[in-house]
Amino acid sequence: MRCPVCGSTEARNRFEKSGYSVVRCRGCGFEYVRPTPTEAELERFYNEAYEVDREAYVRGLEPERLEDLERLLPGRGR
């Protein structure tokens with residue numbers, strides 16, 4: 001699996017939790033989980049771990065705030 005930030009395939013395992021490996025990219029230091037959770041897995045996790053339903057949270061974001069967050073995605077701004 002490639003790093004979602006720099007594309008490197010070199011990563012070091014940090015720890016495991018709930019069936020996922022948390023790894024650190026050797027190229028840029030970004031930490032991410034492997035394998036990447038599916039949309040359904042993320043829905044379940046956020047709905048169980050937080051007081052606010054994930055879909056309700058996303059619907060409640062102001063368009064300007066959502067645009068700010070989207071600019072932070074790789075390849076879209078800084």
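You are looking at a predicted model, where local features need pLDDT of at least 70, side-chain atom pairs count only at pLDDT 80 or more, and totals for chains, interfaces and linings use all residues. Residues are numbered from 1 along each chain as its sequence is written, and side-chain values use heavy atoms, with hydrogens and water left out.

Now switch to cartoon view. The chain has three helices and three strands, and along the sequence they follow the pattern β-β-β-α-α-α. Helices (H or I, at least four residues) and strands (E, at least two) are DSSP runs, numbered from the N terminus.

Next, colour by accessibility. Of the 78 residues in the chain, 14% are buried; buried means under 20% relative accessible area, exposed means over 50%, and partly exposed lies in between (1.4 Å probe, protein chains only).

Select Glu-31 next. Which residue forms a salt bridge with Glu-31 at 2.9 Å between the closest N and O atoms? The partner is Arg-14. This pair links distant parts of the chain, with Glu-31 in strand E3 (residues 31–34) and Arg-14 in strand E1 (residues 11–17), 17 residues apart. A salt bridge is a side-chain nitrogen of Lys or Arg within 4 Å of a carboxyl oxygen of Asp or Glu.

With Arg-14, Arg-24 and Glu-31 on screen together, you have a network of salt bridges. A search of the whole structure finds two salt bridges.

Are these residues buried or partly exposed? Glu-31 is partly exposed at 30% relative accessible area, Arg-14 is partly exposed at 39%, and Arg-24 is partly exposed at 31%.

For the last stop, select Phe-30 and Tyr-32. They form a stacked aromatic pair, 6.0 Å centre to centre with 15 degrees between the planes. Rings of Phe, Tyr and Trp (its six-membered ring) pair if their centres lie within 6.5 Å; planes under 30 degrees apart count as stacked, over 60 as edge-to-face and the rest as tilted. By this rule the count is one aromatic pair. Colour the two by accessibility: Phe-30 is partly exposed at 35%, whereas Tyr-32 counts as buried at 7%.
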